[in-house]
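Hi,

Here is the structure I promised to pass on.

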Amino acid sequence: KEFAGISKLAEERMLYFTDEVGVSRKNMARVLEMCPQLQHLSVRDNLRPTVRFLVKEVGIPANKIRQIVVSFPQLLGLSVEDNLRPTVRFLLDEVGLPREKLGKTILTRPHLLASCIDNNLRAKMNLLHRHAGIPMGLMAEVIARSPHVLGLSEKHMLEFIAFVEHELGVEKAKLEKMLLYSPQLLGLSVKGNLRPKIRFLIDEVGVAEEQIGKVIGTFPNILGYSVENNMRP
């Protein structure tokens, strides 16, 4: 017997994941460790309908579902009607995310579908609007470019914005443009990444401290460069 020592329902679940979804047996051990809840879900009533929703309504290619199962299996334990569909409607209708970009966005950051709309997604969008000046009408572009932005803590976001605007002296309009076109920069740590990089620009490159805000405002992607691999000769 292929899966000896387990119940018929457990074997059905294992075969569904390995044969239909394409998850390797090695990865299944890790998946079940990450999300023991899967061992109690029905293939017919829970797993298959959820996967069908992700493929048909979210737009994730069927051959990519295994990536979500391996990276964030908890998603399969959420209710389609109570959790997944309301969040998808929020992303499409309120955020304005184009439907053709929805699947790629969720594949990149499946945790979005498990996020609380009011206390997480909407709160972080409002923060970016109030503190970074990003228009709500352009928020979909930010999320499509870097879905991980909405996974950052509000504390981290505020620390980044305060550092760039107040310590570096980047103009608000430049900050808005920076985060609109390169939102991934928002994920950088002020202490571990930005401060050492700014010190390098001042101490070794010779950028004057009073000019650093103008330099970063004009060339914001320099913040994403590695000092050792990209900046130091």
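Predicted model: local features only at pLDDT ≥ 70, side-chain atom pairs only at ≥ 80, totals over all residues.

Residues are numbered from 1 along each chain as its sequence is written, and side-chain values use heavy atoms, with hydrogens and water left out.

Let me start with α1 (residues 8-21) and α2 (residues 25-34), whose axes come within 10 Å and cross at roughly 125 degrees. Axes here are lines fitted to C-alpha atoms, for helices over the stretch in contact, with angles from 0 to 180 degrees between N-to-C directions. On the α1 side, Met 14, Phe 17 and Thr 18 meet Arg 25, Met 28 and Leu 32 of α2; contact means heavy atoms within 4.5 Å.

Next comes helix α10 (residues 172-181), where Leu 175, Met 178, Leu 179 and Leu 180 are buried, meaning under 20% relative accessible area with a 1.4 Å probe, protein chains only. The buried residues of α10 pack against α7 (117-132), α8 (139-145), α9 (154-167) and α12 (212-218). Helices are DSSP runs of H or I, at least four residues, numbered from the N terminus.

Finally, Val 80 belongs to helix α5 (residues 80-95). How buried is Val 80? Its relative accessible area is 16%. Leaving aside residues up to four places away in sequence, Val 80 touches Pro 49, Thr 50, Phe 53, Arg 85 and Pro 86. Pro 49 lies 31 residues from Val 80 in sequence, with 8.2 Å between their C-alpha atoms.

Best wishes

Note on methods
Helix = DSSP H or I, 4+ residues; strand = E, 2+ residues; numbered from the N terminus. Buried < 20%, exposed > 50% of the residue type's maximum accessible area, 1.4 Å probe, protein only.
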